[in-house]
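These are notes for a student reading through the structure below. Please keep it open while going through the points.

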Amino acid sequence: RRRISVNDKEVIETIQSAPYFQDQDGFNNKIYQEILRYNLRLQPRAFEEQTRQNLILAKLYKQITQNLKLNDDQIRQEYLKANQELNIDYIASRFEDFSKTINPSQPEIDKYFDQNKAMFKEPPTQDQPARTPQLAEIKDKVRDTLISETAKEMAKNKINECAKKLKQAGFNQAAASSGLKSTATDFFKSTGTIENLGPARIFWEAAFNLKDNQPSGVISNDQGYYIVKLKSIKPVDENTFLKDKDAFAQRLLSAKQNELFSDFFDQLKKRAQ
């Protein structure tokens, strides 16, 4: 529909400029034929049409992304996200802390299994259709799942309790009165990891725009629920930023272009369905 085409001259120039088809004098047809035959196992006609399709896609990519621009403020903000270090205080409500206290009885396990049989249904295999095992076959798995789900619910309730108390109490006081601990981190970047917390991005993003002594909302990862408070931000060296700016902007633009094209392609697939 976009009437994108690639003529034979463009295909030829692309293939002849490929370094793996050249010797010291330039394009070598013998090398070209041998690589297609022995390495790629393709006829020249098939390879040349593949090249044409790749060039068409490259033109489509350019059409979709060529108007995407980044201003200085966007570049600076993204640079800060990637490079600025900060540290935080955080209150943690971890799943594992609650799971240690849970010891379900057999009737509780039976009831949980009866109410959640679909969760334990096994997919079909070559030898048998889909089936739901008997409790006796998977009793340990059912017990562990019950403990895990119960711990998550308890952790969520506890962090929500703490969030309410933070409206009237200080950070450490609200944590202590909720039976939780407040801890401080070292400086970290959004692209790094934090000891005992894991990937840093959600903590960095939750804290970066907070005002002094302002607690965040509740955030979560696969280990638990958290509330954070910004302690301090380490300034970025301005000379380093100016030195890195152009290269960083180019990488950022490329990433944004890929994201834009991916979204465009996803929309195409939805429309095709």
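1. At roughly what angle do the axes of helix H4 and H10 cross? In this predicted model, the axes of H4 (residues 72-83) and H10 cross at roughly 100° and come within 9 Å. H4 is therefore roughly perpendicular to H10, since an angle from 65 to 115 degrees counts as such. On the H4 side the contact involves Asp 72, Gln 74, Ile 75, Arg 76, Glu 78, Tyr 79 and Ala 82. On the H10 side the residues include Glu 238, Phe 241, Asp 244, Lys 245 and Phe 248. By type, the residues of this contact are 7 nonpolar, 2 polar and 7 charged.

2. Helix H3 (residues 44-65) also packs on H10 (residues 238-272), with the axes 9 Å apart and an angle of about 105°. H3 and H10 are therefore roughly perpendicular to each other. H3 contributes Leu 60, Tyr 61, Ile 64 and Thr 65 to the contact. They meet Ser 254, Gln 257, Asn 258, Leu 260, Phe 261 and Phe 264 of H10. What is the make-up of the contact of H3 with H10 in nonpolar, polar and charged residues? There are 6 nonpolar and 4 polar residues, and no charged ones. The contact of H4 with H10, by comparison, has 7 charged residues.

3. In general, nonpolar side chains of soluble globular proteins tend to be buried together. The largest nonpolar core here has 19 residues, and the members that touch the most others are Leu 86, Ile 88, Phe 188, Phe 203 and Val 228. At least two residues come from each of E3, helix H9 (201-208) and strand E8 (224-234). Which element gives the most to this core? H9 does, with 5 residues.

4. Setting aside residues up to four places away in sequence, Leu 86 touches Asp 186, Phe 187, Phe 188, Trp 204, Ala 207, Phe 208, Leu 230, Ser 232 and Ile 233.

5. Is Ser 93 buried or exposed? Ser 93 lies in strand E3 (residues 85-94). Its relative accessibility is 0%, so Ser 93 counts as buried. A polar atom of the Ser 93 side chain lies 2.8 Å from the backbone oxygen of Ala 155. Beyond four places in sequence, the residues that Ser 93 touches are Phe 98, Ala 155, Lys 158, Ile 159, Leu 180, Gly 224 and Tyr 225.

6. Phe 98, one of the residues touched by Ser 93, is found in helix H5 (residues 95-99). Phe 98 has a relative accessible area of 13% and is therefore buried, the limit being under 20%. Apart from residues up to four places away in sequence, Phe 98 touches Ser 93, Ala 151, Met 154, Ala 155 and Lys 158. Its C-alpha atom is 18 Å from that of Thr 183, which is 85 residues away along the chain.

7. Asn 221 sits in strand E7 (residues 219-221). Its side chain reaches the backbone oxygen of Leu 197 at 3.0 Å. Apart from neighbours within four places in sequence, Asn 221 is in contact with Phe 95, Leu 197, Ile 202, Phe 203 and Tyr 226.

8. Most residues other than glycine have a negative phi. Asn 196 has a positive phi, near 75°, and lies in the loop between strand E5 (193-194) and strand E6 (198-199). Asn 213 has a positive phi of about 65° and lies in the loop between H9 and E7. Asn 196 is exposed, with a relative accessible area of 52%; Asn 213 is exposed too, at 62%.

9. Where is Pro 124? It is in the loop between helix H6 (106-115) and helix H7 (139-165). Pro 124 counts as exposed because its relative accessibility is 55%, and exposed means over 50%. Leaving aside neighbours within four places in sequence, Pro 124 is in contact with Pro 129 and Ala 130. The C-alpha atoms of Pro 124 and Asn 67 are separated by 49 Å, with the two residues 57 apart along the chain.

Technical notes:
Residues are numbered from 1 along each chain as its sequence is written. This is a predicted model: local features need pLDDT of at least 70, side-chain atom pairs count only at pLDDT 80 or more; totals for chains, interfaces and linings use all residues. Side-chain values use heavy atoms; hydrogens and water are left out. Axes are lines fitted to C-alpha atoms, for helices over the stretch in contact, and angles run from 0 to 180 degrees between N-to-C directions. Helices (H or I, at least four residues) and strands (E, at least two) are DSSP runs, numbered from the N terminus. Angles under 35 degrees count as roughly parallel, over 145 as roughly antiparallel, 65 to 115 as roughly perpendicular and the rest as oblique. Contact means heavy atoms within 4.5 Å. Ala, Val, Leu, Ile, Met, Phe, Trp, Tyr, Cys and Pro count as nonpolar, Asp, Glu, Lys and Arg as charged, and the others, Gly among them, as polar. Buried means under 20% relative accessible area, exposed over 50%, partly exposed in between (1.4 Å probe, protein chains only). A polar contact is a pair of N or O atoms within 3.5 Å; within protein, one must be able to donate a hydrogen and the other to accept it, and residues adjacent in sequence count only if both atoms are side-chain atoms. A nonpolar core is a set of buried Ala, Val, Leu, Ile, Met, Phe, Trp, Tyr and Cys residues joined through side-chain atoms within 4.5 Å.
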